[in-house]
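Subject: Structure handover

Hello,

Here is the structure for you to look over. My notes follow below it.

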Amino acid sequence: MCLWKKSDWGRKGPGAREGSPDDPRSPGSSPHLVQVRERIRINGQPISPELFTKHFWRLYHRLEETKDGSHAPMPAYFRFLTLMAFHIFLQEKVDLAVVEVGIGGAYDCTNIIRKPVVCGVSSLGIDHTSLLGDTMEKIAWQKGGIFKPGVPAFTVPQPDGPLAVLRDRAQQISCPLYLCPPLEALEEEGRPLMLGLEGEHQRSNAALALQLAHCWLQWQDHHDIWELKVSSPNTWWQLPLAPRFQPTSRMQHGLRDTEWPGRTQVLRRGPLTWYLDGAHTTSSVQACVRWFHQSLQRNERPSGGPEVHVLLFNSTGDRDPAALLKLLQPCQFDYAVFCPNLTEVSATSNADQQNFTVTLDQVLLRCLQHQQHWSCLSEKQASPDLWNTPSTEPDGPASLLLAPHPPHPTNTSSLVFSCISHALQWISQGRDPIFQPPSPPKGLFSHPTASSGASVLREAAAIHVLVTGSLHLVGGVLRLLEPSLSQ
């Protein structure tokens with residue numbers, strides 16, 4: 001992520017493209033959850049449909065006028081949106097642009113800013129391996145590609161190998177790289193910083209966001225970052241610790257008031273509680289599972305009937321669904337539901353959530369493969385001892401000790417639906433006061449598992465639903481559960 005300043009743009013506030021933290025209430029999102037306009041924001045708000053349409057066609061026609069026969073007729077989807085974001089920020093004269101890379105960094109189309117104010121690298125994970133490489137070190141090399149000579153950069157604690165790669169990349173181009181101290185180091189004695197986002201992993205993200213914001217404020221006040229008093233090099237790969245400072249009241253309010261749909265989000269609707277998290281890598285799914293378990297522990301167990309736990313999952317691209325599902329297995333779901341990232345089966349569904357590079361048959365086949373992986377994992381389910389014996393490994397089963405109720409004697413029942421709407425209809429059984437779709441198609445729930453499960457869900461005193469594996473899936477669910485997001 002880079003912060004980019006252009007002093008002669010005038011004053012129109014901050015612009016953000018792709019997941020920026022410039023506005024605490026509504027960060028940008030990549031991929032978008034419901035509408036593509038979420039990707040480009042000014043002053044924290046998605047650009048209006050009118051502004052999007054105006055600049056889309058202006059850019060499209062300009063590219064049409066200047067194209068030649070030696071190149072593709074038009075930039076690909078992400079590149080076009082990146083060009084459009086820069087075009088909009090220039091035309092609308094924003095003060096500050098917060099830009100998050102799409103994939104990797106070194107060769108990403110966002111990496112054209114020669115002299116950003118500051119750069120940041122958050123916690124690394126294994127993802128997009130066909131493009132970035134299959135090890136954390138290879139991915140760290142790609143991420144370090146956003147570093148620029150003389151431009152300060154910040155990162156958070158990483159595994160030793162990737163951190164060494166980031167350090168070497170920075171040293172090769174004389175980029176001052178700092179390690180963010182933990183959030184606790186910035187807290188006043190007895191006054192912890194409160195986060196609006198749930199999950200322990202968000203504290204690392206918050207520490208990085210504070211350092212980037214602090215660096216920007218220092219730059220704006222014409223303070224030289226090199227004159228900041230920093231700690232001596234850390235023994236951890238000889239990276240200096242970023243300066244400790246007292247977050248301003250606005251920073252504290254920003255952290256506290258942050259809302260980020262689709263990330264550790266909880267929606268309580270009558271007997272249903274929806275847990276929405278777009279985790280799609282092994283590290284993020286591990287964090288998701290910990291958050292889900294902690295959330296369940298805070299709930300009072302119902303006394304008027306059974307409590308049912310449901311998983312709604314999908315995974316796309318080159319990710320390993322078996323590895324992700326294995327991490328979710330200890331949650332002991334009563335039902336596992338799989339569906340593609342299609343809100344409706346109809347082709348007239350929201351175009352902003354369509355993937356035109358795959359067919360319905362392909363995505364349904366992948367869902368069936370997910371179901372097969374889940375069945376195999378259920379058959380190999382660990383003995384009850386796993387739930388009661390702490391592991392001595394730092395990342396072992398003890399960190400995922402999540403049984404909110406005893407392991408089941410039988411395998412989890414699983415179902416595949418052709419779209420998100422049908423999956424939600426089966427899970428909610430008409431008990432969500434906001435999601436009230438028309439009657440399901442005849443025979444939709446005729447499968448024995450669907451039929452028997454429907455009776456269980458109708459009688460349950462509480463239904464806890466974890467939606468994860470794909471941000472596109474979470475976005476489709478939110479579009480149905482929160483209709484206002486489509487407006």
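The notes start with the whole protein and then go through the sheet, the helices and some loop residues.

First, the ground rules. This is a predicted model, with residues numbered from 1 along each chain as its sequence is written. Local features need pLDDT of at least 70 and side-chain atom pairs count only at pLDDT 80 or more, while totals for chains, interfaces and linings use all residues, and side-chain values use heavy atoms, with hydrogens and water left out.

Overall

The protein has 13 helices and 14 strands. Both are DSSP runs numbered from the N terminus: helices are H or I with at least four residues, strands are E with at least two. Of its 487 residues, 51% count as buried. Buried means under 20% relative accessible area, exposed means over 50%, and partly exposed is in between (1.4 Å probe, protein chains only). Take the contacts between residues at least 6 apart in sequence: 75% of them join residues at least 24 apart. Contact means heavy atoms within 4.5 Å.

The sheet

Six strands make an open, mixed sheet, in the order β9-β10-β14-β11-β12-β13. Strands pair if DSSP finds at least two bridges between them. β9 (265-269) and β13 (413-416) are the edge strands, each pairing on one side only. From one strand to the next, the twist averages 20 degrees.

β11 (residues 307-313) and β14 (residues 462-468) run parallel and are joined by seven bridges. Within that pair, Val308 stands opposite Ile463 in β14.

Two helices to check against the sheet are α9 and α11. α9 packs on the sheet and touches β11, β12 (335-338) and β14. The direction of α9 makes about 165 degrees with that of β11. α11 (residues 420-428) also packs on the sheet, touching β10 (272-276), β11, β12, β13 and β14. The direction of α11 makes about 140 degrees with that of β10. For these angles, axes are lines fitted to C-alpha atoms (for helices, over the stretch in contact), and values run from 0 to 180 degrees between N-to-C directions.

Helix α13

α13 spans residues 471-481. Nine of its eleven residues are buried, so α13 is largely enclosed by the rest of the structure. The buried ones are Leu471, Leu473, Val474, Gly475, Gly476, Val477, Leu478, Leu480 and Leu481. Their cover includes β9, β10, β11, α11 and β14.

Helix pairs

α9 (residues 321-328) and α10 (residues 360-379) have axes that come within 10 Å and cross at roughly 45 degrees. That makes α9 oblique to α10. The classes are: under 35 degrees roughly parallel, over 145 roughly antiparallel, 65 to 115 roughly perpendicular, the rest oblique. The crossing is right-handed. From α9, Pro321, Ala322, Leu325, Lys326 and Leu328 meet Arg366, His370, His373, Trp374 and Leu377 of α10. By class, the residues of this contact are six nonpolar, two polar and two charged. Here Ala, Val, Leu, Ile, Met, Phe, Trp, Tyr, Cys and Pro count as nonpolar, Asp, Glu, Lys and Arg as charged, and the others, Gly among them, as polar.

Now α1 (residues 49-66) and α2 (residues 77-91). Their axes come within 10 Å and cross at roughly 115 degrees. The two are therefore roughly perpendicular to each other. α1 passes α2 in a right-handed crossing. Phe52, His55, Phe56, Arg58, Leu59, Tyr60 and Leu63 in α1 meet Phe80, Leu81, Leu83, Met84, His87, Ile88 and Gln91 in α2. That contact has ten nonpolar, three polar and one charged residues.

Loop residues

Gln332 sits in the loop between α9 and β12. Its phi is positive, near 55 degrees, and it is not a glycine. Gln332 counts as buried, at 4% relative accessibility.

Gln429 is in the loop between α11 and α12 (448-459). Gln429 also has a positive phi, about 50 degrees. With a relative accessible area of 17%, Gln429 is buried.

Gly469 lies between β14 and α13, in the loop. At 2% relative accessibility, Gly469 counts as buried. Leaving out residues up to four places away in sequence, Gly469 touches Asp277, Ala279, His280, Phe313, Asn314 and Ser315. The C-alpha atoms of Gly469 and Thr316 are separated by 8.3 Å, with the two residues 153 apart along the chain.

Best wishes

How values were computed: Left-handed = near helix turned anticlockwise from the far one by under 90°.
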